[in-house]
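The following exercises concern a predicted model. Please study the sequence and the structure before reading each solution.

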Amino acid sequence: MIITISREFGSGGRELGKRLADELGLAYYDREILTELSRQEGLSEDYLEKVLESPSGIGYAISYSRSFAMIQNIDTAPQLLAKQHNIIKMLARKGDCVIVGRGADAILKEYKPFRIFVHADMQSRIQRCVSRGTKDEDLSEKALQKKIKKIDKARAENYEFVSELPWGDKRAYDLIINTTDLEIKGIVPAVASYIRAWLDR
């Protein structure tokens, strides 16, 4: 069983993925993918995250470098994405798991994963970002909304590299979950039961 979770920023998709993995006894991969790419490339996770989560990742890679000599030694965003895809396939070959983000549903199409998309209204996403107690809490509501839209745009554009359907299109998923005003912990048993029923059908 492979479960992939695509999610709008701030919708709680990451938490849902971790709790589902625990509930179903599956391996869980999210940041671990970035950690492995960092190990392979010898680049920091923060740098890789900015390149891969940016719709202008190539431009970021160039502006990040201080000389043209350094630019030649840094892979472009498409190259890094391709290497990330290879890591995702390697993890899928290891066995049953939950993979969050990174277009895993489309990359692992041959594995026929159970595909989830998580979304919520903007106010709920802003509140979730603030309640996480991260650096986001220092941003104004307007700034948070701008950040959310920017990250969603990048995810949508990166998804286009691997999928025939647009990011968030209902045809690309087996289950779409609206987490507006919901506590993620409370819906996990129901989602797990649905997945089991789907697989047993």
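**Exercise 1: Two helices**

Helices H3 and H6 are roughly perpendicular to each other.

*Solution.* 
Step 1. Helix H3 covers residues 45-52 and helix H6 covers residues 77-94. Their axes come within 10 Å and cross at roughly 110 degrees.
Step 2. Angles from 65 to 115 degrees count as roughly perpendicular, and the pair is therefore placed in that class.

**Exercise 2: A loop residue**

Locate Thr-179 and decide whether Thr-179 is buried or exposed.

*Solution.* 
Step 1. Thr-179 is found in the loop between strand E5 (175-178) and helix H10 (184-200).
Step 2. Buried means under 20% relative accessible area. Thr-179 has 0% relative accessibility and therefore counts as buried.
Step 3. Leaving aside residues up to four places away in sequence, Thr-179 touches Ser-11, Val-118, His-119, Ala-120, Ser-124, Arg-128, Ile-184 and Ile-187.

**Exercise 3: A pocket**

Describe the second largest pocket by its volume and its lining.

*Solution.* 
Step 1. The volume of the second largest pocket is about 260 Å³.
Step 2. This pocket is lined by 13 residues, of which Asp-105, Ala-106, Lys-109, Arg-115 and Ser-163 are the closest to its centre.
Step 3. The lining divides into 6 nonpolar, 1 polar and 6 charged residues.

Technical notes:
Residues are numbered from 1 along each chain as its sequence is written. This is a predicted model: local features need pLDDT of at least 70, side-chain atom pairs count only at pLDDT 80 or more; totals for chains, interfaces and linings use all residues. Side-chain values use heavy atoms; hydrogens and water are left out. Axes are lines fitted to C-alpha atoms, for helices over the stretch in contact, and angles run from 0 to 180 degrees between N-to-C directions. Helices (H or I, at least four residues) and strands (E, at least two) are DSSP runs, numbered from the N terminus. Angles under 35 degrees count as roughly parallel, over 145 as roughly antiparallel, 65 to 115 as roughly perpendicular and the rest as oblique. Buried means under 20% relative accessible area, exposed over 50%, partly exposed in between (1.4 Å probe, protein chains only). Contact means heavy atoms within 4.5 Å. On a 1 Å grid over the protein atoms alone, a cavity is a set of points where a 1.4 Å probe fits but cannot get out, and a pocket is an open set with protein on both sides within 12 Å along at least five of seven lines; lining residues have an atom within 4 Å of a point. Grid points are joined across faces, edges and corners, and a volume is the space filled by probe spheres set on the points. Ala, Val, Leu, Ile, Met, Phe, Trp, Tyr, Cys and Pro count as nonpolar, Asp, Glu, Lys and Arg as charged, and the others, Gly among them, as polar.
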